[in-house]
Each structure stands twice: as structure tokens, then as C-alpha cells.
Amino acid sequence: CAFGCSPWHKVTCPNCPTFPVLLLVFLTGSDRIPIYGMSSLRIVIQSTASGEQYLPVAHTCYNLLDLPKYSSKEILSARLVQAIDHYEGFSLA
């Protein structure tokens, strides 16, 4: 990839250079890199028994991603992008 993407990035959004930031916000609730760097960030991805029609769910307090078992990379990509597109985060207003 021209953007130096990781294998995970290639699965999810191959032509979007801002996708890593959007994914970071979705998973952690913050667009900031941890003070000790990305290597200090521990993200847990756990499989769920829910069907393919369900979206991934992020638990930002625990850096935990509930990921349904999808049958293809295309479905994984579509559901993850959809979940990120509809992410609202925390709001005080």
C-alpha cells in the first residue's frame, strides 16, 4: 500500500489515509496517541457469537472491540466502516 498500511488497515479501508485515526477514536474514544506511544496501547479484539448483520462494538474504557465472526473480508470492512461512520463518542451537550 502506498500509505504504508498494516494488514489490518488493508482489510478495512485500503484507500483512506485517515482511517487509522478514525479507528483509534472508535476504539479508545480519543484521537491522541498515548504518551508512551502506540506500543503502549493494548487493544483486545474478542469474537462474539452475533451474526453478520451486527456491527462491531467498541468498549472505549477497556480498549476492547467485540467483533462478530464475518464470513469475508468484504463484510468485515463494510461493517467496521459503517460502525465508525456512525460513531458519536461522548458528548457533554
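**Exercise 1.** In which handedness of crossing does α2 pass α3?

*Solution.* The model is predicted: local features need pLDDT of at least 70, side-chain atom pairs count only at pLDDT 80 or more, and totals for chains, interfaces and linings use all residues. Residues are numbered from 1 along each chain as its sequence is written, and side-chain values use heavy atoms, with hydrogens and water left out.

Step 1. Take helix α2 (residues 19-28) and helix α3 (residues 73-85), whose axes come within 10 Å and cross at roughly 70 degrees. Therefore α2 is roughly perpendicular to α3 (65 to 115 degrees).

Step 2. The crossing of α2 past α3 is left-handed (the near helix is turned anticlockwise from the far one by less than a right angle).

Step 3. Phe19, Leu22, Leu23 and Phe26 of α2 meet Leu80, Val81, Ala83 and Ile84 of α3 (heavy atoms within 4.5 Å).

**Exercise 2.** Find which side chains meet in a salt bridge.

*Solution.* Step 1. Searching the whole structure gives one salt bridge (a side-chain nitrogen of Lys or Arg within 4 Å of a carboxyl oxygen of Asp or Glu).

Step 2. Its partners are aspartate 31 and arginine 32, at 3.6 Å, N to O.

Step 3. Aspartate 31 is partly exposed at 46% relative accessibility, and arginine 32 is exposed at 62% (buried is under 20% relative accessible area, exposed over 50%, partly exposed in between; 1.4 Å probe, protein chains only).

**Exercise 3.** Locate Cys61 and state whether cysteine 61 is buried or exposed.

*Solution.* Step 1. An unreviewed UniProt entry places the feature "active site" at Cys61; such annotations may be inferred rather than shown by experiment.

Step 2. Cysteine 61 lies in the loop between β2 (57-59) and β3 (64-68) (strands are DSSP runs of E, at least two residues; helices are runs of H or I, at least four).

Step 3. With a relative accessible area of 68%, cysteine 61 is exposed.

Notes: Axes fitted to C-alpha atoms, helices over the stretch in contact; angles between N-to-C directions. Parallel < 35°, antiparallel > 145°, perpendicular 65-115°, else oblique.
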